[in-house]
Structures are given as C-alpha cells and as structure tokens.
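Visitor: I have a structure open and would like to talk it through with you. Could you start with a term we will need, and then take my questions as they come?

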Amino acid sequence: MADIVFAGAAAHAPGLTGWFEKAEAGTQAEVRDAYRRLGDEIQQAQLDVLLIVANDHILNYDPSDYPDFVIGTSAEHTGPAEWFKPWLAVDDYRMPGRPDVAEILYERLAEADVRVVRNDELSFDDNISVPVTMTGFKEHGTALVPVIQNCTVPPVPDERTSYALGERLGRIIRDELPDGLRVGLLGSGGLSHEPGGPRYLEIDDEFDRWFLDLLAEGDHEKVLDQATLERMEQAGAGGTAELLSWIVVMGAIGRRDCEVLCYAAVPDWRCGVGAVRWELDREPATTIGG
Amino acid sequence: MALAHFSKYFNRDLVTHKLVQDLKGDRELRERFRADEGSVLDGYDLTPAERTAIEGRDFKALYLAGVHPYSLGQLSRLIYGTVEGAGSSQASSALVESLLSE
C-alpha cells in the first residue's frame, strides 16, 4: 500500500518563466514564494515519485486523435520541447521517470470510461516545464510520472469525470502501487485564460478568486456542482478548464483542507496565476459534506 | 458579431492543425516557412479558404473555419515570433485584433 504524502496545484502560465518581470516586484515575490513553498513541501515529503497532472497544448497529439489521458511511461523525462524554449526561457531539464509505476497506472486507469493511452516519448511545453522550474523540482532528482489530460479538445471529460478519474487514481495508488511508496500529486494548469481566443488578453480574476475561495471552503460536492466545465469555459474558453487537473487531484485525495498560497492577475501574463496545497496529515477541520 | 465558443466551429480534421503540429516539431520546416511560406503551404492539402486565411493572417476566418484556438495562438507565434517583447507580444496582439475585427 503506497501513500499519498503531498498534494498541491498551481498554474503553469508561460509568463511565470518567460516574462515574469512584467509583474510588479511585490507580485513577483508573492508568486515566487508560493511556488518555492510548494517546492519545499515536495522536498520535505521525501517522495519516491511525483505525479504531475496537466494538459499539453496540443503538443503530443493532433486534434484529430486526442486521447483523454496519457500516462508518461518513459524512464527519463526531458524538456522543454525545442520550439517552446524561447517562449518559456527555462533551462533544459532531465528527470527520472518511474516506468514500473506508470505501467500500473496505465493498466488500471485504462479500465475507466475515458480513453487512456501510454507514451514513452512525451514532449513537454508549459505544462511540466513551468512547475518543475518554479518549484525547483527538476533539481530534486525525484522521479516524475506525467499524467497528461485533455482539458481543451472537445469533447473534454468534464468535472465529474475528472473527479471520478482522480478517485480511481487514488485507489490505484493506495491499493496497487508498491508498499511504502511515497507519492505526490501536483495539478498543473489554470486559472482563467483564453489562449488563442478573442479574450486572449483578458483574465477573469472574479472567477479565479471565487474558485480559490470555493476550494478553501473544502466542500468537494459543492465544487463539482458549481465549478463545472461550462462555468470554467465562461471564464476563458479552452484554457480555464485546465483546472480540471486540480479536480483530478482532489478526487484522488478526497476531502482535505485546502490552503491558498497565492493569487495574481497580471495582465501581461494573460492568465490568472494561483497555487494551493492540501493538508494530508490530518482530517479536514471543516465538517461539511462532500 | 461576437464570436461564439470555439467548440461551435471546431473541426478536428482541418489540415491547418497538421500544419501547425508539423511546424512546431520541425525546425527545418519552420525555417522554410519563414523563408518561403508558399512552398510550405503547397505541401499541405489546405482548403482554398484555409490557405487564403493563413496568407492573409485572417485568424478570425480560421477560428470560424474550426481551427482550435491553441493552434491559432501557436500559428500566430510561428508567424510573428515567439519571444515576448516590451508590452504585449506582437503575436497575441495580431491574433486578438483579427478575432475582434468586424
């Protein structure tokens, strides 16, 4: 029986690495501190493997054949993909994988009612590159298993499908991964943005703050009732639904107290930026259902 | 007229998607695209409307034809450059200006 010993989520906006300096100094410090805190917690959790749940940006598959979930089974993960390098302005990275863990996840998740495939040649864009850089994870030497999720190519698995997939993922981790394995989960994506759409230059900070407050409130059923795929799309089509990767993490851990680490709406970043962590060491303080 | 959600128009089989995928993954193709865009477009079975829209930087027409906005954003960066300069990038500004045009 393996243990989930870390759970967090954060935006992977390319502006965080590519043009971070366009934010005011105070905002930069707040955001940098939040990602460092996530990185510190990941390191202190002494993980054997971190699962990063994230969409790609139509990088690994053409829209004509786009799977719902892709498990990265490679023994080593490198990035970023060459074309994204000037955009992201991050150093190249090389992180160990865990093919044994990835294969179990693939085989068992493939039984879900969504299309799950495996890939040992995944390329990475903002999705993995930004969080592993901002948190410092790429320097930890800890293994990574990427779980790439379709959040943008219709038909997109919705919030309840994502949560159920997360519940299944949590059961597989706890019941089928090797005894004593220490597993972390990081949702990567969001918050509001509309890449390539008519509201590309806009951020819906009202939605973002509402969403983060909802998570902090801790009622997962309420989150699923209200933070629907449709509501996310209203706050920025094609991009805001990256928050479905956060929903997968929530499904895997069940109801836990959620702490919001930062939020920033920087117009030049063209994406609401936030980060959260969930408290796994104790039962939730709140008594609401969900 | 405001544009509806992209899923109303989305056409997963448009060849423009394949063009953008190939350009992202192939440095030599990108260099040829910059030097002689027409010769690259000749190699793809684009509809006349797609080709005209790409050549005219008419991102709105591509959106209405069903190109996914992620691919549109990437196409704008393939055309205008991917590095952010001072202020908003030329790529994102050109894209939004086209999408919001009457």
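Guide: A residue is called buried here if 20 or more other C-beta atoms lie within 10 Å of its own. Please keep in mind throughout that this is a predicted model.

Visitor: OK, which residues of helix 6 of chain A are buried, then?

Guide: In helix 6 of chain A the buried residues are E159(A), S162(A), Y163(A), L165(A), G166(A), R168(A), L169(A), G170(A) and I173(A).

Visitor: And what span should the 18 residues of that helix 6 of chain A have?

Guide: At 1.5 Å a residue, helix 6 of chain A, residues 159-176, should span 26 Å, and this agrees with its end C-alpha atoms, which are 25 Å apart.

Visitor: Switching to strands: how many residues of strand 2 of chain A are buried?

Guide: Six of the six residues in strand 2 of chain A, residues 49-54, are buried, so the strand is mostly covered. V49(A), L51(A) and V53(A) point one way from the strand, while L50(A), I52(A) and A54(A) point the other way.

Visitor: Why two ways?

Guide: In a regular strand, side chains alternate between the two faces of the sheet.

Visitor: Which strands does strand 2 of chain A pair with?

Guide: Strand 2 of chain A pairs in the parallel sense with strand 7 of chain A, residues 143-149, over six bridges, and it also pairs in the parallel sense with strand 8 of chain A, residues 182-188, over six bridges. On the strand 7 side, L51(A) has V145(A) as its bridge partner, and on the strand 8 side, A54(A) stands opposite S188(A).

Visitor: What about I71(A), is that buried or exposed?

Guide: I71(A), which lies in strand 3 of chain A, counts as buried because it has 26 C-beta neighbours inside 10 Å. Leaving aside residues up to four places away in sequence, I71(A) touches several residues, among them L105(A), Y106(A), V145(A) and V147(A).

Visitor: Now chain B: where do the buried residues of helix 4 sit?

Guide: The buried residues of helix 4 of chain B are E50(B), A53(B) and I54(B). Seen down the axis of that helix, they fall within an arc of 100°, so they line one face. They pack against helix 1, helix 3 and helix 5 of chain B, whereas P48(B), T52(B) and E55(B), on the other side, are exposed.

Visitor: Last one: how many residues of chain A are in contact with chain B?

Guide: 25 residues of chain A are in contact with 27 residues of chain B, and the chain A side has 13 nonpolar, seven polar and five charged residues.

Key: Residues numbered from 1 in each chain as written. Chains lettered and ligands numbered in written order. Predicted model: local features only at pLDDT ≥ 70, side-chain atom pairs only at ≥ 80, totals over all residues. Contact = placed C-beta atoms within 7 Å. Nonpolar A, V, L, I, M, F, W, Y, C, P; charged D, E, K, R; others polar. Helix = DSSP H or I, 4+ residues; strand = E, 2+ residues; numbered from the N terminus. Buried ≥ 20, exposed ≤ 12 C-beta atoms within 10 Å, placed from the backbone. Expected span 1.5 Å × (residues − 1). Arc of directions from axis to C-beta. Pairing = 2+ DSSP bridges.
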